[in-house]
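This report describes selected local features of one protein structure.

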Amino acid sequence: PSCLGYPLSIFFIVINEFCERFSYYGMRAVLVLYFKYFLQWDDNLSTAIYHTFVALCYLTPILGALIADSWLGKFKTIVSLSIVYTIGQAIMSVSSINDLTDHNRDGSPDNVSVHIALSMIGLILIALGTGGIKPCVSAFGGDQFEDHQEKQRTRFFSIFYLSINAGSLLSTIITPVLRAQECGIHSKQRCYPLAFGVPAALMAVALVVFIVGSRMYKKVQPQGNIMIQVSKCIGFAIKNRFRHRSKEFPKREHWLDWASEKYDKRLIAQTKMVLKVLFLYIPLPMFWALFDQQGSRWTLQATTMDGNFGSIQIQPDQMQTVNPILIIIMVPVVDALVYPLIKKCKIDFTPLRKITVGMFLASLAFVAAALVQVQIDKTLPVFPTAGQSQIKIINLGTNDATVQFEPKLQSVDVMSMKSTGYMTFETSQLRSLNIASGNKTINAVVKLPGGSRHTLGVKNTATGIDVKWLFDNVTSKPEEGNNLIRFINNLPDAVNVTMGDTSFGILVPLSASNYNLFPGGRQDKIVAIRNSIPCSVTSKAFGFGSAYTIVINRCVGDTLNVTYSEDIPPNTVHMAWQIPQYFILTCAEVVFSVTGLEFSYSQAPSNMKAVLQAGWLLTVAVGNIIVLIVAGASKLSEQWAEYVLFAALLLAVCIIFAVMAYFYTYTDVNEIEAQLDEEEKKQAKKDQDAYEKQSEAVSQM
């Protein structure tokens, strides 16, 4: 059965690919944040495990190809590994249910190791599944066409690439939204089970769709794996060359010719072509090392930025969607506009030059990321070191106050109802404070533990100056763009304070609550109940990643009067500043990735396409391993420096590649194949003649 000139079975395969990619990229989008916030790992461990997982996903295709070609055939391989994959996704979503081990119901898992073990098993199964079916699905699609449908087959591969990007685009938009929901049985948490559960369900859909089409598929029997033959041929050539290493044996023009005792000329010629391309692949992993950090380092960078796009709230893991959106726009633009323009300018933009330009652009993208990082670092607060103390003063009284830090360290004036920023002192030097307000003065001895922040509340009352020390136990910026809020009661009576759904409890006069976490970018209603009379006001917008102390001053009618004191400034660098680096990196991907596959296919004999596909995926895996090594070995404390380091490494590799490309001669595969056919024909004719002569001789006897 066919439809629009395509075999009907193709539609099942494209839908299957869409669901599978949705499932994979959706899971991958929230993965690094799951490690960081749910499993409570630090940035470096999260990055490391993320890249280990991606590397695994690109190593397993070699296994998948071997199973399909030598043993099960493509159809059975896809079905059986998809089942493994679905189970992996399901385990992943179970591992993220915090109620699983949260016995004391405080909202965080009590036994994290259970969750870690489950998610690792899940990730290994997913890597087996996604990697194992990756080389089979596209090839299986190609198998569905007859030989005369060359044009449809090419169009199929473009549709196939589009369905990959459509799947990844939708899932990178949808999954983070699911993650940002609040869910849970006993306590409301970020909804990771939903974020992992939807991909799991889609994988099950993909599997069902694929099996439903079973009757229509053209199933080619497994032919034996060409990779094994190539490896054997190379192995034999090396062994044979080693045996004949003494001077008396004549040299051969290429070391692979030493395999000619055992393997036919055609296989040797084809292997030479493949090795020529594989040699060029050696520098390519460095590109992927940078490219795949979008999901790890760049996502973590977005968590320290401001995601407020007017009415829309962008989650940090959603910034990755910029990549597939741009891909869908850029691929046609580059093909239809950019390349023709370059051609018009009489520049020969060969595939290898395109790849070189791609590497250069990716290195540029990381320079852009480093510049953004420098801007972010400027906005981060400086916390005290072990020997320092930081003090900020809030004047809660109606008179201005002057505070003198003794012995003669510094003096500050604080207006009524205002506060200072944090001032840093060496803990050992600070002995006492002299506070003057109105016509009263007071002297207070200071004993502070080092390495912490404190807030000093000062209030001039009828009876004297009240002094209130608060310990600020916040030593880092709130994660995930959340805000920390606490209250000081500056009323003469006790009040019961709530903000949004969060209760801060009853505060006696001049006391402070603890900090509570609130999601970023929201405005909540503050309600203070005093003598059972409620008073309320809507809070200001706190932005992302800030900490505030809110002072409750008085109640006029039913309106609350509050003042805000900023303890940690909100993230001020806007997430839109990540767009340039994503744009440059996407341009790099368009000229690098698309060209690389095309080039490989044009330079290899038809039956060796699988070997090169495996080699190409291997470069991605090695790239992710490079991230582990560089990030582990560099020990750079500054994130921007690490970005610059990666940019520099890729630039160096790019120059090496340009030199290799300069010396590369393009092969015309068809010409070589034709030559081989010609030689085989001649050889066959010779054999035929010899055989005829022999039979004549025999018949004359």
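A residue is called buried when its relative accessible area is under 20%, exposed when it is over 50%, and partly exposed in between (1.4 Å probe, protein chains only). The model is predicted, so local features need pLDDT of at least 70 and side-chain atom pairs count only at pLDDT 80 or more, while totals for chains, interfaces and linings use all residues. Residues are numbered from 1 along each chain as its sequence is written, and side-chain values use heavy atoms, with hydrogens and water left out.

**Disulfides**

The structure contains 2 disulfides, a disulfide being a pair of cysteine sulfur atoms within 2.5 Å. Counting bonded cysteines along the protein chain, the pattern of pairing is 1-2, 3-4. The table gives the sulfur separation of each pair.

| Disulfide | S to S separation |
|---|---|
| C183 and C191 | 2.1 Å |
| C535 and C555 | 1.5 Å |

The disulfide of C183 and C191 is right-handed, because the torsion about its S-S bond is about 95 degrees. C183 is partly exposed at 23% relative accessibility, whereas C191 is buried at 5%.

The disulfide of C535 and C555 is right-handed as well, because its S-S torsion is about 55 degrees. C535 lies in strand β20 (residues 533–538) and C555 in strand β21 (residues 547–556), so this pair ties together parts that are 20 residues apart in sequence. Helices (H or I, at least four residues) and strands (E, at least two) are DSSP runs, numbered from the N terminus. C535 is buried, with a relative accessibility of 2%, and C555 is partly exposed, with a relative accessible area of 28%.

**Other cysteines**

Which cysteine sulfur is closest to that of C19? It is the sulfur of C136, 18 Å away and therefore too far for a bond. C19 is buried at 5% relative accessibility. C654 is in no disulfide, and the nearest cysteine sulfur, in C587, is 15 Å away. C654 is buried, with a relative accessible area of 6%.

**Backbone geometry**

E406 and P407 are joined by a cis peptide bond, with omega about -5 degrees. P407 is placed in the loop between β8 (401–406) and β9 (410–414).

M417 is a residue other than glycine with a positive phi, near 65 degrees. M417 is located in the loop between β9 and β10 (423–426) and is partly exposed at 26% relative accessibility. L510, also a residue other than glycine, has a positive phi near 60 degrees. L510 sits in the loop between β17 (502–507) and β18 (516–518). Is L510 buried or exposed? With a relative accessible area of 18%, L510 is buried.

**Surface charge**

K232, K239, R243 and K262 form a positive surface patch. Patches are made of residues with over 30% relative accessible area and no salt bridge, like charges being joined within 9 Å and nonpolar side chains (Val, Leu, Ile, Met, Phe, Trp, Tyr) within 5 Å. A salt bridge is a side-chain nitrogen of Lys or Arg within 4 Å of a carboxyl oxygen of Asp or Glu. Lys and Arg count as positive, with the charge placed at NZ of Lys and CZ of Arg. K262 is exposed, with a relative accessible area of 55%.

Technical notes: Areas by Shrake-Rupley, 256 points an atom, 1.4 Å probe, with all protein chains shown as cover.
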